[in-house]
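Here is a short report to read with the model open beside you. Take a look at the structure first, then follow along section by section.

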Amino acid sequence: MSFDVFLNFDGDCRAALDFYADVFLTGKPAGLMTYGQSPNGCSVADKDRILYASLPIFGHSLMFSDCPSGEQYVKGSNVALTLGSDNTDEIHRIFVAMSVGGEIFMPLEKTFFSELYGMVRDKFDITWQLSLTAFEGATSSFNELANARYSVRSFKLHPIGDEKIAAILEAGRIAPTACNYQPQRIKVITGGDLEKVDACSPCRFGAPTVLLVCYDKNISAKRSSFDNKELGEIDVSIVTTHLMFAAHEQGLGSCWVAHF
Ligand SMILES: Cc1cc2nc3c(=O)[nH]c(=O)nc-3n(C[C@H](O)[C@H](O)[C@H](O)COP(=O)(O)O)c2cc1C
């Protein structure tokens, strides 16, 4: 589950993005989309207003938008807390509980950027946006993904579905390797076998799945024209990087571990 902040502006979002980008030295905003670029269309007046953009600030993705013109905008209430989860039931439960005594701005429904998205102001006047985590994927450029990934050293015990593992392994399969020999061999370790991992390393950090990334020396390329350098280790470093980014895209944390 992710927990982020969404700032809302009344036509001056672009100026605010420039301001915060200068203050935090973040470079250009990621994922910037105007109302005019939205697949839903918009009025001429809203064409250049910002529908979405984000800035990486101290390891968090701070999100920004303009409200549509003509919408009642009260300064001071222009911050929304944004919860992302990959669990549909969890989103429904929180949304219903949050709505009691509050006001639903947008009921939970499919949008062009999320399979499930809703906005509610709770009875304490706090605005919340809830969405399926796919929301992050829909807005993430490579730079955003690379900025957001970090080494996780505390994991939940939730088992990871086969589909997610398959997507991650596919990213490792298509990684470049020297001469395209593809010497990578990845063992997926779960359940009782994790004890064997713990016997080799203190760095599992409670992860429910470990990917042991190996290469076959009989297959890997050697730099034979010069010094016969073994290139398999470089191959699997690239493969592992692909795996980590793919894991992040699936909403999963990871940590590269060489200490074993
Ligand atoms: C080749 C390599 C080996 C690493 N080995 C370990 C390790 O054994 N244990 C660990 O906790 N972190 C390990 N890390 C994680 C690094 O400490 C971490 O990537 C680095 O501090 C940058 O932090 P970030 O991943 O959060 O951006 C390793 C990273 C790399 C690239």
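Glutamine 182 sits in the loop between α5 and β9. (Helices here are DSSP runs of H or I with at least four residues, strands are runs of E with at least two, and both are numbered from the N terminus.) Its phi is near 50°, a positive value in a residue other than glycine. Is glutamine 182 buried, exposed or partly exposed? Glutamine 182 is partly exposed, because 18 other C-beta atoms lie within 10 Å. The cut-offs work like this: 20 or more other C-beta atoms within 10 Å of a residue's own make it buried, 12 or fewer make it exposed, and anything in between is partly exposed, with C-beta atoms placed from the backbone.

Phenylalanine 205 also has a positive phi, about 55°, although it is not a glycine. You'll find phenylalanine 205 in the loop between α6 (194-200) and β10 (210-215). With 14 other C-beta atoms within 10 Å, phenylalanine 205 counts as partly exposed too.

## How to read the model

This is a predicted model, so keep in mind that local features need pLDDT of at least 70 and side-chain atom pairs count only at pLDDT 80 or more, while totals for chains, interfaces and linings use all residues. Residues are numbered from 1 along each chain as its sequence is written.

## The whole protein

The protein has 7 helices and 12 strands. Its C-alpha atoms fill a box of roughly 70 × 40 × 30 Å, taken along the principal axes. Of its 260 residues, 23% count as buried. Take the contacts (C-beta atoms, placed from the backbone, within 7 Å) between residues at least 6 apart in sequence: 60% of them join residues at least 24 apart.

## Domains 1 and 2

An automatic or database domain assignment supplies the domain bounds: domain 1 is 1-72, domain 2 is 74-135 and domain 3 is 142-249. The centres of domain 1 and domain 2, taken over C-alpha atoms, are 18 Å apart. Domain 1 puts 13 residues into the contact, and domain 2 puts in 12 residues.

On the domain 1 side, strand β1 (residues 2-9) gives the largest share, 8 residues. That side divides into 8 nonpolar, 4 polar and 1 charged residues. (Nonpolar means Ala, Val, Leu, Ile, Met, Phe, Trp, Tyr, Cys and Pro; charged means Asp, Glu, Lys and Arg; the others, Gly among them, are polar.)

## Helix α5

Which residues of α5 are buried? They are Ile165, Ile168 and Gly172. These cover an arc of only 65° around the axis, so they are on the same side of α5; the arc is that of the directions from the helix axis to the C-beta atoms. Their cover includes β9 (184-189) and α7 (232-249). On the other side of α5, Glu163, Ala166, Glu170 and Arg173 are exposed.

## Around the ligand

Which residues are around the ligand? They are Tyr150, Ser151, Arg153, Cys203, Cys255, Trp256, Val257, Ala258 and His259. (A residue is near a molecule or strand if its C-beta atom, placed from the backbone, lies within 6 Å of it.) By class, this shell has 6 nonpolar, 2 polar and 1 charged residues.

Methods:
Two residues are in contact if their C-beta atoms, placed from the backbone, lie within 7 Å.
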